[in-house]
Structure formats: C-alpha cells, structure tokens
Amino acid sequence: MQAYLAPYQKEGVVAQTLDIIEAMFGQYVTLQTRFADLGANSLDILELFIDLEEKFEVSVEIPYDLPEDFGTVGIVVGCVLGAFAELD
C-alpha cells in the first residue's frame, strides 16, 4: 500500500480496521467503543496490533501512553492512520 492516503483511502483503512476489531471480538464497534467493554486483555491488544500490521503492511506501534484499560477503538484507528503518516 502506498504511504500517502487520500481521504477516500483513509475511510477504507478506518472501515477495515473496524472490521478486524469486530471479527476479533465478535461485536459491533464504533470509534467510541472501549476495549474494556469488549472484555479485551493485554494479549488481545497485542494480537490486534500484529493483525493490523500484517493487514496494512505498516509498523503500528502500541502507544506508550495507552490507558490501562486499553482505551477506545478510536485510539487504535489513530495508531493505524499514524503509521501511514510516518511513511510520508
């Protein structure tokens, strides 16, 4: 995938990221969904980041300031989009 993402491509990345998270946890999610509400643990989050890296072929880093409860789906989507921004 190319480094620069046009707006329509960003929407696709967001949608695909949401799909991956929904498949992993078996629940509908939005950007505001909290991982704690999905029953996520640290292994789930690690696996999710690995899956996202493989899907998008970019290095998606787990933020050092990730909340103890892993925060929201929106945080993870931001990390994925940030990985593309670092390639520019």
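Guide: Quick term before we start: pLDDT is the predictor's confidence in each residue, on a scale from 0 to 100.

Visitor: OK, so what's the mean pLDDT of the protein?
Guide: The mean is 87, and 90% of the residues reach 70 or more. This is a predicted model, where local features need pLDDT of at least 70, side-chain atom pairs count only at pLDDT 80 or more, and totals for chains, interfaces and linings use all residues. Residues are numbered from 1 along each chain as its sequence is written, and side-chain values use heavy atoms, with hydrogens and water left out.

Visitor: Where is confidence lowest, and where highest?
Guide: Helix H3 (residues 73-87) is lowest at a mean of 87, while H2 is highest at 93.

Visitor: How many helices and strands are there?
Guide: Three helices and zero strands; these are DSSP runs numbered from the N terminus, with helices being H or I of at least four residues and strands E of at least two.

Visitor: New topic: which residues make a nonpolar patch on the surface?
Guide: Leu43, Leu46, Ile50 and Ile62, with about 350 Å² of accessible area together. Areas come from Shrake-Rupley with a 1.4 Å probe, and for residues only the protein chains shown count as cover.

Visitor: Is leucine 43 buried or exposed?
Guide: Exposed, because its relative accessible area is 57%, and exposed means over 50%, buried under 20%, partly exposed in between (1.4 Å probe, protein chains only). Leucine 43 sits in helix H2 (residues 42-56).

Definitions and conventions: Patches are made of residues with over 30% relative accessible area and no salt bridge: like charges are joined within 9 Å, nonpolar side chains (Val, Leu, Ile, Met, Phe, Trp, Tyr) within 5 Å. A salt bridge is a side-chain nitrogen of Lys or Arg within 4 Å of a carboxyl oxygen of Asp or Glu.
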